[in-house]
Amino acid sequence: MTETMEVNQFNLVYNVLSFSLATMMATTIFCWMRVGSCAQRYKSALIITGLVTFIAAYHYLRIFNSWTEAYAWTPEGTLSVTGVPFNDAYRYMDWLLTVPLLLIEIILVMKLDPAETVSKATTLGVASALMIILGYPGELITDPDQLSGRWMWWACAMVPFLFIVYTLLVGLNDATNAETDPNISSLIKKAQVATVISWCTYPVVYVFPMLGITGSSVIVFIQIGYSISDIISKCGVGLLVYSITMAKTA
């Protein structure tokens, strides 16, 4: 943990984490309250959508609390380190649970037979979990003299990442094109593309320390970057999945 943190930097991360928490909670409540309105076949997808943001809300609460515990206000109106380390590992615990579920919720609204659904969900779920596991060791490396190790873990995690991107954009094309309703097909494509675009921001945020950003600035950049990515990939894509379930129910 850096020894100094500017007041504006602290407040910016504080507000972004608070906004992220509120967004996740609101999406959870909305999706779960709409489960009764969708067809039986797609209820699992909508329940999982809400579960993703529920799990994320819990972890954002933990991240938020850890952030406020890591710094204390001084009588002069500045910030000092409390000695309680900021635990950003909550993000990886969250991703290990939610990233496979994010992919599964998309699979469940596609036109796939039961065997294909299980196969694709299992393959993508395992690949995404492997991606998170491989990325975590590198996230712990912030010492400028050891960033080669961070690059190594980044490269390792990119292998399953690229497999997932390929599967979403190419491997599932037949299922997407099998939709007879062009509106539904368009919504599924939007969910696939939105997932890929939002996911592409994570590797970029990961390399911030390797781009010469140091001190409190790199902490702020990482927290804001990951939070924005989470909102898009969990809430944004989740609401697209909701739209697909409603369109297929109509």
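**View 1. Helix α2 against helix α3.** In this close-up the axes of helix α2 (residues 43-70) and α3 come within 9 Å and cross at roughly 165°; the axes are lines fitted to C-alpha atoms, for helices over the stretch in contact, and angles run from 0 to 180 degrees between N-to-C directions. Helices here are DSSP runs (H or I, at least four residues), numbered from the N terminus. The model is a predicted one, in which local features need pLDDT of at least 70 and side-chain atom pairs count only at pLDDT 80 or more, while totals for chains, interfaces and linings use all residues. Residues are numbered from 1 along each chain as its sequence is written, and side-chain values use heavy atoms, with hydrogens and water left out. Because of their crossing angle, α2 and α3 are roughly antiparallel to each other (over 145 degrees). The crossing of α2 past α3 is left-handed, meaning that the near helix is turned anticlockwise from the far one by less than a right angle.

**View 2. Helix α3 against helix α4.** The axes of α3 and α4 come within 9 Å, crossing at roughly 160°, and the two helices are therefore roughly antiparallel to each other. Here α3 passes α4 in a right-handed crossing, and their contact has 16 nonpolar, four polar and two charged residues.

**View 3. Helix α3 against helix α7.** Helix α3 (residues 89-107) packs with helix α7 (residues 182-206) at an angle of about 160°, their axes lying 11 Å apart. That makes α3 roughly antiparallel to α7, and the crossing of the pair is left-handed. Among the contact residues are W95, V99 and L103 of α3 together with T195, W199 and Y202 of α7; the residues of this contact divide into ten nonpolar, one polar and no charged.

**View 4. The largest cavity.** About 280 Å³ of space lies in the largest cavity, a cavity being a set of points on a 1 Å grid over the protein atoms alone where a 1.4 Å probe fits but cannot get out. The lining (residues with an atom within 4 Å of a point) comprises 19 residues, of which W95, M131, I132, Y202 and P203 lie nearest the centre of the cavity. By class, the lining has 15 nonpolar, two polar and two charged residues.

Terms used: Parallel < 35°, antiparallel > 145°, perpendicular 65-115°, else oblique. Contact = heavy atoms within 4.5 Å. Nonpolar A, V, L, I, M, F, W, Y, C, P; charged D, E, K, R; others polar. 1 Å grid on protein atoms, 1.4 Å probe; cavity = no way out; pocket = protein on both sides within 12 Å on 5 of 7 lines; lining within 4 Å. Points joined across faces, edges and corners; volume = space filled by probe spheres on them.
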